[in-house]
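Please read them with the structure open beside the text.

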Amino acid sequence: MEEYIVSARKYRPTSFDTVVGQQALTTTLKNAVKSGKLAHAYLFCGPRGVGKTTCARIFAKAINCLTPTDEGEACGHCESCQAFNEQRSFNIFELDAASNNSVEHIKTLMEQTRIPPQVGKYKVFIIDEVHMLSTAAFNAFLKTLEEPPAHVIFILATTEKHKILPTILSRCQIYDFERMTVRNTINHLKSVAEREGISYEEEALAVIAEKADGGMRDALSIFDQAASFCQGNITYQKVIEDLNVLDAENYFKMIDLAVSNKVADIMVLLNNIINKGFDGGLLIQGLAKHVRNVLMAKDEQTLSLLEVSDQQRTRYQEQAKKCETRMLYEALRLMNQCDIQYRQSSNKRLLVELTLIEVAQITQPDEGPASGRKPRRLKSLFKQLIQQSQPRKAAPQVAAAEPVASTQPTASIPTSRPTATPKTAKPLIKPKSMSSISFSWNNLRKKNSPQTTAQAETTQGENATSEQIQKFGQHDLELEWLSMCNRMPQQLSGVASRMKNMSPTITEFPAIEVTVENQLAREQIENIKGKILSTLKLHLQNNDITLSIRIAEHQEQEKTLSRREQFELMEKENPSVKKLRELLNLQLA
């Protein structure tokens, strides 16, 4: 039986022309060999598996070739080339700096540099993983590296250029190797498959190339693994099964469902993906990459940025025609926000579900009359569920309320909103108010990123002139107060958390009073009182607002409810919330 050799070694390049993805670099080296203008030290740096050591060997072989070709390649037939091919050359030395990193090893190497070559012109020392040398070894190497004997050339290779001393870098010609593109990797895998007599699907090779992440050696290793699993017929389905990669079809289907606002179908698809063992964070990362590719496919100028197979590129173009650019931008923002929060979240699945729900509702039109502010909300996803949960006897009350609402002066003066203090106000959640339900739903999210919401709301506030004086109710004030707390920067997170439990009250319009628990809390609020007041004036559109802060009397202090107690109170007041939680099988962390 013939000895098996892995593809990464079997198809290792033996000439500059066979090196993949480094054309500019190999051309420079060939020109140096042709002209004879050789430096005394070279540094090859770049990611793993892109050909640094391979190019060093090819370059060393070409330098010592007795009859090089006109293109600067080694002939392969002279004594020096044959000695190199048979691994018996005394002119080319390879040193692994990871295991030979002491001063003694470097001193031994320096002694070898004194002996001139027996065949050829140069002695070439290839030092791999040179960043592993100790500081003392680097310092012992400095003088010889700067002024070596005329017959000595050093070629250093490393994956971590930043760990090498600047004094070493200044003595070398530096060559930065590029990562392999997906297209170059696919083409090379095709040639290897044809030589080995293995049939393949281009989509399967694209998955291998993406999994390799820019390293050709990694790609060939994965290719060998896939060929062994597929028994000579590499197909897309077998490759994703062998590598445990999520099928890209899930991403295409999820975006199609999001465009159609089919949230329930997305929840079912997400559940199936998680049940197969895939992590929600990796799903969000993969979906974000997919949306980015769809966005690139919308313009012919950016189409070349897609590092996918031709078949996949066509699919991206087809889906790009169905998606609005605004929807793709917003989806990318939401998924990037989820990716940032995922590691700190204690309920990771709920975070992923909420993100996908928001993505699916980007193209869904807003309901109800437009207002000056745009709070984040779940729109009509659970409208039918809410209607079913309402008691039948409540229908006449709702119908009777409609003519009363129509007699209000204008939408900009919402006098029908309650102005009672938080102690006597009704709960925020009502079965007939979808916006109230959405407000409470957002409170369930432990982590949110209010910066983008603040930007969207600020553009609304900029339209208000300094002369405007709008009326607002207690409900408006409470809503804006909580929204302001959510937008506060990270360094004020402690103050924001305390402010969420405070209840601002309209004492005599437009005077606002905030009751705090103690003197410490009062001092913290006083420090940022100016910013709080300017924010309320901007978003409530009233420049006459005044803000006073007082310490609560003993009988006024109330127990602060935890998140779980708040949610239990919401369920008690509104059965539809409980039914919603049971339907989606949600848990409050």
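1. Glu94 has Ile126 of β3 standing opposite, and this pair belongs to the pairing of β2 with β3 (residues 123–128), which is parallel and runs over five bridges. Two strands are taken as paired if DSSP finds at least two bridges between them, while helices (H or I, at least four residues) and strands (E, at least two) are DSSP runs numbered from the N terminus. The model is a predicted one, in which local features need pLDDT of at least 70 and side-chain atom pairs count only at pLDDT 80 or more, whereas totals for chains, interfaces and linings use all residues. Residues are numbered from 1 along each chain as its sequence is written, and side-chain values use heavy atoms, with hydrogens and water left out.

2. The sheet that holds this pair is open and has five strands in the order β2-β3-β4-β1-β5, with parallel pairing. Its edges are formed by β2 (92–96) and β5 (173–176), each of which pairs on one side only. Between neighbouring strands the average turn is 15°, direction ignored; axes here are lines fitted to C-alpha atoms, for helices over the stretch in contact, and angles run from 0 to 180 degrees between N-to-C directions.

3. Helix α6 (residues 135–146) touches β1 (41–45), β3 and β4, its direction making about 135° with that of β4. Contact means heavy atoms within 4.5 Å.

4. A further open sheet consists of three strands in the order β8-β9-β10, and its pairing is mixed. β8 (505–508) and β10 (546–551) are the edge strands, each with a single partner strand, so one side of each has no neighbour in the sheet.

5. Strand β9 (residues 511–516) and β10, by contrast, run parallel and are joined by six bridges, and here Val514 has Ile549 in β10 as its bridge partner.

6. Two helices pack on the three-stranded sheet, and both α24 (residues 519–527) and α25 (residues 529–540) touch β9 and β10. The direction of α24 makes about 160° with that of β10, whereas for α25 the angle with β10 is about 135°.

7. The peptide bond between Phe509 and Pro510 deserves a look, as it is modelled cis, with omega of about 0°. Pro510 is placed in the loop between β8 and β9.

8. Asp213 has a positive phi of about 55° and lies in the loop between α9 (202–212) and α10 (216–230); because its relative accessibility is 48%, Asp213 counts as partly exposed. Asn585 likewise has a positive phi, near 55°, and lies in the segment after α27 (575–584), where its relative accessibility of 65% means that Asn585 counts as exposed. Buried stands for under 20% relative accessible area, exposed for over 50%, and partly exposed for values in between (1.4 Å probe, protein chains only).

9. Tyr4, Ile5 and Val6 make a nonpolar surface patch of about 290 Å². Patches are made of residues with over 30% relative accessible area and no salt bridge, like charges being joined within 9 Å and nonpolar side chains (Val, Leu, Ile, Met, Phe, Trp, Tyr) within 5 Å. Val6 is found in the segment before α1 (7–10), and its relative accessibility of 37% is why Val6 counts as partly exposed.

10. For the chain as a whole, there are 27 helices and 10 strands, and buried residues make up 44% of the 589 residues. Among contacts between residues at least 6 apart in sequence, 73% join residues at least 24 apart.

Notes: Areas by Shrake-Rupley, 256 points an atom, 1.4 Å probe, with all protein chains shown as cover. Salt bridge = Lys/Arg side-chain N within 4 Å of Asp/Glu carboxyl O.
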